Amino acid sequence: MADEDEGNEYRWETGYEKTWEAIKEDDDGMLEASVAEIVQRAKRKRQAERRPNTRLGMMRHLYIILDCSDAMSDQDLKPTRQLCTAKLLEGFIEEYFDQNPISQMGIIVTRNKRAELVCELAGNVHKHVDIVKQFAQGPCSGEPSLQNSLELALSSLRLLPGHASREVLIIMGSLTTCDPHDINVTIQKLKAEGVRCSVIGLAAEVRVCRQLSKETGGMYSVILDDCHFRDLLLQQVEPPPAARTQDSSLVRMGFPHHNRIGNESGDTTSASNNNPMSFCMCHLDVESKVDSSKLGAAGHLCPQCGSKYCELPVECRSCGLTLVSAPHLARSYHHLFPVDNFQELDAKEIKVSDCFGCRRKFVEFDKHAYKCKACFRIFCLDCDIFVHDTLHSCPGCTSTAKIGVST
Amino acid sequence: MHLIFTEVETSLLVIAVDLHSRQRYLREHPSQLMHVLDSVVTLANMHLMLKTKNKVAIVGCNAARSDFIFCDTDAIQPQPGQSGQSGLARQSDGQYELFAHLETSVKQNIKKFSVDENSSFFDDKDGESLIAGALTMALCYINRMNREKATGEKLNSRLLIVTGCSGGASQHMAYMNVFFTAQKLNIVLDVCSLDYELGLLQQGCDITGGLFLKIPQLQGLLQYLLWVFLPEPPIRKKLVLPPPAKVDYRAACFCHRNLIDIGFVCSICLSIFCKFSPICTTCNTVFKPPGSLLSKKKKKANKNVC
Ligand SMILES: [Zn+2]
Ligand SMILES: [Zn+2]
Ligand SMILES: [Zn+2]
Ligand SMILES: [Zn+2]
Ligand SMILES: [Zn+2]
Ligand SMILES: [Zn+2]
């Protein structure tokens, strides 16, 4: 019964339904324009659905649980489910860290009824991409164990401080799971700890997955094809509304100086004072092949204990301080202060001749124009999309005294 | 079957010129504005001369507004009755005609800005220049040029700011959005500062791979523009140019605007404070005292050991 009223939640059932019926030739007999318009309408619709001012989990902690069972060697995705998943995950990881810069991610794989932690929670894009590439080469065998994987993720997530968001994303090719005990107990534990579990199914709907995501407030979808798979992954890039159990707090953070050794000849004196043979802490564990280029290279110094790191953000290994750079934080501000949706106007009603952003003249073809509710400037459809998807600042508001100051 | 595919590479340069009358160099010598504008127009012309398909746009800003003072909608105005005057230029491909037109349209359009300065309605004349606004418009414009380019054409776009102002703190977020958008779209941001070392804009240059230069003397502006900012980014590697600025990535606290090494960050809105306070002044969240957090951290550390 519950399944029935959720029947409309898939996008291919609503948003793109029978799009071919909507395609019309324009006056010149061109189809292209109306296809582009359908795509842009869909984008605008997605924007409109985004609710502003919800509390966001900026410091996200996400475990990806990857199915490595027999089912992943299926060839319904090209070339195989495993390779296709790996390829799409690489893109997802880059996008995730781009949009959630001070967040962390961990990876768990499950095969042969076991769960294995292949990457602890960390904030390094390259490391994660490397691990996913290894996963693409690895064997797929046996059955997955959803319960073992979830317990493993939970054992790590429950240690996090209360202000951190806790999330799990499961990519499941198998239609079965081999669990040692009653999985409902695990689901209740996850729910109690505020872990949001989302599932992307590669085959068909599985009851326990729907149950899991419903109980924990996550999303559940089954892919149609690789494009749809990609869309579903990208939906996970946006931070979810913060779970109710999440505490808010002030977190102590360090903003390291950049020490650029060897860039300028005049700088060598200060560099030698600065211990030129210092190793960075992030590459200490790569002992097998000590890369001499890492020795004494430029890095970021922890302001509390002086440890060096190649990359930010990172949690200092010796003193525990979270190290970030100021632009890292600024990159996330647009989630908190999004540009309000523009108001759609009939192009015949507007009094200006060109778009305030890109200076394109409005022509016969334009059916609509878009008005910012704060500065009342008029924009074309392309600028509307660009401002809300990419730029995150309204050109009109930032070009007007007083309004400009607050944005 | 061979498809011979010659890719045409063109370059779009968008210059943002600060026209704020409270810039220090203008307060002392208001006539210097023409000197700066002439230099900028010359740079624009030189850029157009490098390749026939090259494009230029100029955006101006002061404390009241930012607006285009030259763009493609200015460029394609028919000019009846001028054929005798520029008959010689017409024999080429129209590019030379553009030069003269660029200058007249810049002179025409900056009048809008001097009106603001004299208007009694506009009372915040000491406010900061809206450079970030000029940059957002420039990015929308570049975005359109990318959409409208011919198939097979490769358009490299870049931004140059020419300013004698000092600050930018009040538009901090808009600047950051501009920097990250430029980075995403592979747009290089260069800054030619006439007066100050500008920490915020230096970050922008660093993020997008552009050059920051504070010129030693205003008289030589044209030379610096032509030597440093005319060459396209790929060519710059072969030139001896000013060394990259040492960018300060320390954060400014929201409460005092001081630069800090270690600070407190609100887990909800990421506002930065130099001291612990029980409530976030940005998002009004009430915080738990730091003690409870510390004990959790310790627990975690112990777990990791065993
Ligand atoms: Zn390192
Ligand atoms: Zn440290
Ligand atoms: Zn537009
Ligand atoms: Zn606006
Ligand atoms: Zn402060
Ligand atoms: Zn806050």
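Is B:Cys274 buried, partly exposed or exposed, and what is its relative accessible area? In this predicted model, B:Cys274 is partly exposed, with a relative accessible area of 23%; the value falls in that class because buried means under 20% and exposed over 50%.

B:Cys274 is one of the residues that hold a metal. Its SG atom coordinates the zinc ion (ligand 5), together with B:Cys253 (SG), B:Cys255 (SG) and B:His256 (ND1), at 1.9 to 2.3 Å. The angles among the four donor atoms run from 100 to 125°, and the site is tetrahedral. For comparison, the ideal angle for four tetrahedral donors is 109.5 degrees. Along the sequence, the donor residues follow the spacing C-x1-C-H-x17-C. Within this set, B:His256 and B:Cys274 link distant parts of the chain, 18 residues apart. B:His256 belongs to the loop between strand E7 (251-252) and strand E8 (259-260) of chain B, whereas B:Cys274 belongs to the loop between strand E10 (272-273) and helix H12 (290-305). B:His256 is also partly exposed, at a relative accessible area of 42%.

Elsewhere in chain B, helix H5 (residues 95-109) contains B:Tyr96, a partly exposed residue with a relative accessible area of 44%.

Helix H14 (residues 381-391) of chain A is largely enclosed by the rest of the structure, because eight of its 11 residues are buried. Among them are A:Leu381, A:Ile385, A:Phe386, A:Val387 and A:Leu391, along with A:Asp384 and A:His388. Just after this helix, A:His392 adopts a positive phi of about 65°.

Technical notes
Residues numbered from 1 in each chain as written. Chains lettered and ligands numbered in written order. Predicted model: local features only at pLDDT ≥ 70, side-chain atom pairs only at ≥ 80, totals over all residues. Heavy atoms only, no water. Helix = DSSP H or I, 4+ residues; strand = E, 2+ residues; numbered from the N terminus. Buried < 20%, exposed > 50% of the residue type's maximum accessible area, 1.4 Å probe, protein only. Donors = N, O, S within 2.8 Å, 3.2 Å for Na, K, Ca; no water. Tetrahedral: all angles 85-135°; square planar, octahedral: opposite > 155°, others 65-115°.
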